[in-house]
Amino acid sequence: MLRRLARRLMSNVPESTVYGGPKPQSPAHRVTLTHLRQKHRRGQPITVVTAYDYPSAVHVDSAGIDVLLVGDSAAMVVHGHDTTLPITLDDMLLHCRAVARGASRPLLVGDLPFGSYESSASQVRLLLKKALLFAGKVLILTFSIRVLAWQAVDSAVRMLKEGGMDAIKLEGGAPSRISAAKAIVEAGIAVMGHVGLTPQAISILGGFRPQGKTVASAVKVVETALALQDAGCFSVVLECVPAPVAAAATSALDIPTIGIGAGPFCSGQVLVYHDLLGMLQHPHHAKVTPKFCKKYAQVGDVINKALTEYKEEVETRSFPSAAYTPYRISEADVESFLKELENRGLNEAASAAAAAAENEVMTGKPSADGNC
Amino acid sequence: MLRRLARRLMSNVPESTVYGGPKPQSPAHRVTLTHLRQKHRRGQPITVVTAYDYPSAVHVDSAGIDVLIVGDSAAMVVHGHDTTLPITLDDMLLHCRAVARGASRSLLVSDLPFGSYESSASRAVDSAVRMLKEGGMDAIKLEAAAPSRISAAKAIVEAGIAVMGHVGLTPQAISILGGFRPQGKTVSSAVKVVETALALQDAGCFSVVLECVPAPVAAAITSALHIPTIGIGAGPFCSGQVLVYHDLLGMLQHPHHAKVTPKFCKHYAQVGNVINKALTEYKEEVETHSFPSAAHTPYQISEADVESFLKELENRGLNEAASAAAAAAENEVTTGKRSADGSC
């Protein structure tokens, strides 16, 4: 109680009598890389769930999930796009900030969205051409690494500085991605890698297609995961690969693997919030839930039922009943109010007000037969 | 089926085998001001609910709600702020676009957020234009705590944009009001609310939200106006009702973190509890290796390919990895299902 008093005295939030606002988070122990390492060493599976705003962050936090991922899957499940490509870094930062306000315990990881960390190959070529004219090999090398790293590091820095994240995730295993991951780690930012089906690359992959189903592809998944580990990643997401491939990668790595559609042999699992909750399920609009995702609830159905009931109650004037009509004007004030209305020629309005007030007095509750 | 084929042929969306993506909306009849006028004339209450993203928009639309408001309440229920003040016009536009993708039937109204319209009528028009042009909205709502807002509303209507007014407790004015305090509880306050509502009607508003005023005051306004009133915490005598999505669904309810639900809001569900239960179960299943089971491990690699894969791993000196892969593959073959004793 004292703490609440202190907060009120120190807070610049106006006194609220109608809306309480979110409750302050109790200072909780934030999950760190050390905790994850311990879990991994002990063979305890790591739990990861995505979240995109304050309420979902509160839910993921309250359930005791280890890692909260602000995924670029927001492009699809929050913004309704067909792919993860349209979401920008500024959009992601808005999501990150909202999440950071809601989750005080899980490790917060933000996805670097498509377009925020890949570029600069053309810049490198241009600079290389210029550099060749006057400088030696060392200068060219320094230039190329620096330019490649710029965009990725800048974006990752923003995620932590402006987004309140603890770490970032980036997709892919091409050499430039490995370098980007390395540069970000060197900038002091923890990086989670992501191999297998990398949704930002559907243009190349030819769609949302599982990976690692051929020998070459399977070997590539393992090698890429190892390269990301060498670059300094603290974990790697394995998405939509066959279980034996995931098992191989998990065994080959020292760092934990987080699987999604990758079978039970990973060090941990991740699922998308809306998918695991059946959020988008509805009798007339069933979003396709991926085959690997288990629905732990049918929230969409619950929501549909609730909204339908609300509509019915409003349309039959059952809502709001007296229980939901809390604000009063005293009888004396009602009298004066009626006079004022009549003075302004609003006689019908005065009658309506009188009827409403009388209704409250006699029955102890407002009823809905009136002038709507 | 033909329509789906046509969509696929015409679509630039890559073929998907894992994630289906959202289904196309069937062309539906959008609710218009005319529909609302008809409902109002017939004495049929108008239903309004807020939504802030694609899934909530789909839900509100699917439930047949008349009007969907993209409220600046997003600042509190989506972004976790204590007031509606921090959200910017650009933030609101992001919410609007997501909502527009999800709702094809409900009339779409967006709030003009604090700071986007108060400095001048032309600024107000610019912001309102962006809401329709960039946000895909059908109309805007603005809070009218002062006379200058009436001019702003008029200018926006003259620009060809439908305006929903908002009187009573206007959350953007808590600085002046001294908090989220119900209005119209004294004679002068009640009269002021009535007069502001009438002025908004004169300015061309198509409806007015009445927030947190006593029922008799709401009854008076509803009677005095010929445009519909939409009430929230204003009793049953309004032409329609509005509630905040998260509040009516009990979205933020949780054993250890109960967001204060306003007294006037009925919980039609306890979604927060449902979510908490589901996440807790997911966590338990992951930690006990129950999830994912075979049912949720769909991607295969052929036996022949497994053989070659093992060889490749051994060539690279990854013998343990090869064993792990072999064990996983064997597990699949013999039991026909995955078990979780392995390399985790």
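B:E134 is partly exposed, with a relative accessible area of 34%, where buried means under 20%, exposed over 50% and partly exposed in between (1.4 Å probe, protein chains only).

The model is predicted: local features need pLDDT of at least 70, side-chain atom pairs count only at pLDDT 80 or more, and totals for chains, interfaces and linings use all residues. Residues are numbered from 1 along each chain as its sequence is written, chains are lettered from A and ligands numbered from 1 in the order in which they are written, and side-chain values use heavy atoms, with hydrogens and water left out.

Over all chains the count is 22 salt bridges. Some of them are listed here.

| Residues | N to O distance |
|---|---|
| A:R158 and A:E162 | 2.8 Å |
| B:D138 and B:R30 | 3.9 Å |
| B:E285 and A:K294 | 3.0 Å |

In the pair of B:D138 and B:R30, the aspartate sits in the loop between α6 (121-133) and β4 (139-141) of chain B and the arginine in the loop between α1 (2-10) and α2 (33-41) of that chain, so the bridge ties together parts 108 residues apart in sequence. Helices (H or I, at least four residues) and strands (E, at least two) are DSSP runs numbered from the N terminus. B:D138 is partly exposed at 29% relative accessibility, and B:R30 is partly exposed at 25%. In chain A, A:R158 has a relative accessible area of 28% and A:E162 one of 33%.

Between chain A and chain B there are six salt bridges. The contact (heavy atoms within 4.5 Å) takes 144 residues from chain A and 144 residues from chain B. The two chains bury about 12,700 Å² between them, 69% of it on carbon and sulfur atoms; buried area is the accessible area (1.4 Å probe) that two parts lose on being put together, summed over both. In chain A, A:Y19, A:Y310 and A:Y327 lose the most area to chain B, together 7% of what that side buries.

Technical notes: Salt bridge = Lys/Arg side-chain N within 4 Å of Asp/Glu carboxyl O.
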